[in-house]
Amino acid sequence: MSALVPSAVREIADGYAFTGPALDLGAVLLDGTAYADAPVRVPLAVLNRHGLVAGATGTGKTKTLQLIAEQLSAQGVPVFLADVKGDVSGVAAPGEPGERTAARAAEVGQDWRPQGCPAEFYALGGLGSGIPLRATVTSFGPLLLSKVLDLNETQESSLGLVFHYADRNGLELYDLKDLTAVITFLTSPEGKEELKGIGGISAATAGVILRSLTLLENEGAGAFFGEPEFDTAELLRTADGGAGVVSVLELPAVQDRPRLFSTFLMWLLADLYQELPEVGDLDRPKLVFFFDEAHLLFKGASKAFLEAITQTVRLIRSKGVGIFFVTQTPKDVPADVLAQLGNRVQHALRAFTPDDAKALKATVSTFPKSPAYDLGEVLTSLGTGEAVITVLSEKGAPTPVAATRLRAPQSLMGPIAPAALQAAVDGSALAGKYRDAIDRESAYEKLAARAARPEAEPVPDPVPDPASAGGAEPARERSPERSSGRAQEGGGGLLGSLMSNPALKSFARSAGTQLGREISRSLFGTSRRRR
């Protein structure tokens, strides 16, 4: 390092002198000058300790995601990105050289070369460009669906009872019409009679849920629920040559329905959490997941929902998955979740109002003390593409706070042409697997057939309800070829003690056993799949 480098910069740079593989974020910035021979980096091995990318609109958060994503891909780590505004698709194409890019590269000591990443493009239910992503209603589960429908706790409890009944009686909830059919049946005289032993649903509550479902379907979100259901294992792929595939979820077509897409992102995480095996700390993560517009997930969330998020974030690390929450200020993220985020990239904040000033003060308090910076002043004076950074070292200790001029992404900083995006989707090997929706026999058809049966024909008794003896919430069963073959960590408590019983383990492994469905829902009430 040059003798002209200030001692404060030297001390900061020493904190980022890692020996193992790391991602290059940029160069230390002090008093407006970037020091190219003082790089700011993040070790690859600590990216499963999660992170936060925050900052006001227009400060460069999206380009930071792109910079991190392309380096992860080059290191063989798959990445998931939610593209809310439609400007991340450029990650698949080489960047365009220019004077500004060359100047930035020179300032931070970057050997900039245009390079794109292998990418897959998805869309919720086919709403917009991309391979359609769908989930069955029963897989999504009552807790996440209650969040989408904005139900209160009483209504959420009633919806859980509907799922419980459907699972117990072999009524598959694949799409919204299946769920509507079951709710309608359970408020009929015959349905009320069947619920006598386990509770009931008031007509008023059922009406609220049905109206919310109708509104959701009228908004076009019904296309998301159904089959074929997306297998989250697709997110863990690498391309020929070993580069990690960057999965881009295109959301511009549904950005006016933020509750739906934020909750869907949580479903993806919940599914990964319950399906992946424990691996402990790896030299590199299996997947890094960027959760954009994170404040939408937490806004108005119930206590149970927040507890489930916190536990998922805490435990998914040991399964090799890193999560970066992306939002405007750290205060958008609950304290229990924020405490799990060891890697921080904070772009500029604005302090135009008293509330802004409070947010700024709260943000400063979440960083380690810095002898080199007045963080309150620095955070309000950062330019676009600059950020205050602290990460975890290879030993797990926080690095010194570093104001940083970030590197320029080597992929295209903007969307690719619509024709190129469509060509990428059409040419994907996954298009044939997920593009066309299917509609199998499920609860809607079964209940319709039941209603059409002659009254004299006996109706089979429902399957006995293990939940009345203290069992856990029910779940559907998925195909045996996708089985993980064992209960996942985090079941704890009563569920954990049940799963330790050899007889119940045998039931749970049986693809045709209703009891197996009864005890196999996860933290969010999502159903476990078999790989």
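**Terms and values in a predicted model**

Student: Why is Gly 376 called partly exposed?
Tutor: The relative accessible area of Gly 376 is 22%. Under 20% would be buried and over 50% exposed, with partly exposed in between (1.4 Å probe, protein chains only). At 22%, Gly 376 is therefore partly exposed.

Student: What are these values based on?
Tutor: The model is predicted, with local features needing pLDDT of at least 70 and side-chain atom pairs counting only at pLDDT 80 or more, while totals for chains, interfaces and linings use all residues. Residues are numbered from 1 along each chain as its sequence is written, and side-chain values use heavy atoms, leaving out hydrogens and water.

Student: Where does Gly 376 lie, and which residues does Gly 376 touch?
Tutor: Gly 376 is in helix H15 (residues 375-381). A helix is a DSSP run of H or I with at least four residues, a strand a run of E with at least two, numbered from the N terminus. Leaving aside residues up to four places away in sequence, Gly 376 touches Leu 360 and Val 364; contact means heavy atoms within 4.5 Å. The C-alpha atoms of Gly 376 and Val 364 are 6.3 Å apart, at 12 residues along the chain.

Student: How do you know whether Ile 309 is buried or exposed?
Tutor: Ile 309, in helix H12 (residues 303-316), has 0% relative accessibility and so counts as buried. Of the 531 residues in the protein, 55% are buried.

Student: What is the angle between helices H6 and H7, and what is that arrangement called?
Tutor: The axes of H6 (residues 153-168) and H7 (residues 176-186) come within 10 Å and cross at roughly 100 degrees. That makes H6 roughly perpendicular to H7, because the class covers 65 to 115 degrees, with under 35 roughly parallel, over 145 roughly antiparallel and the rest oblique. Axes are lines fitted to C-alpha atoms, for helices over the stretch in contact, and angles run from 0 to 180 degrees between N-to-C directions.

Student: Which residues make that contact?
Tutor: Leu 159, Val 162, Phe 163 and Tyr 165 in H6 meet Leu 179, Val 182, Ile 183, Phe 185 and Leu 186 in H7. By class, the contact of H6 with H7 has 9 nonpolar, no polar and no charged residues. Nonpolar covers Ala, Val, Leu, Ile, Met, Phe, Trp, Tyr, Cys and Pro; charged covers Asp, Glu, Lys and Arg; the others, Gly among them, are polar.

Student: What makes the pair of Phe 224 and Phe 225 edge-to-face?
Tutor: A search of the whole structure finds 15 aromatic pairs. In the pair of Phe 224 and Phe 225, the centres are 4.7 Å apart and the planes at 65 degrees. Rings of Phe, Tyr and Trp (its six-membered ring) pair with centres within 6.5 Å; planes under 30 degrees apart are stacked, over 60 edge-to-face, and the rest tilted. Phe 224 is buried at 0%, and Phe 225 at 3%.

Student: Why is the pair of Phe 230 and Tyr 434 called tilted?
Tutor: The ring centres of Phe 230 and Tyr 434 are 5.4 Å apart and the planes at 50 degrees, so the pair is tilted. Phe 230 is in the loop between helix H9 (203-218) and strand S7 (246-250), and Tyr 434 is in helix H17 (residues 431-434), 204 residues apart.

Student: How do you know that Lys 319 sits over the ring of Tyr 273?
Tutor: The charged end of Lys 319 is 4.6 Å from the ring centre of Tyr 273. The rule asks for NZ of Lys or CZ of Arg within 6 Å of the ring centre and within 35 degrees of the ring normal. Lys 177 lies over the face of Tyr 444, at 5.6 Å from the ring centre.
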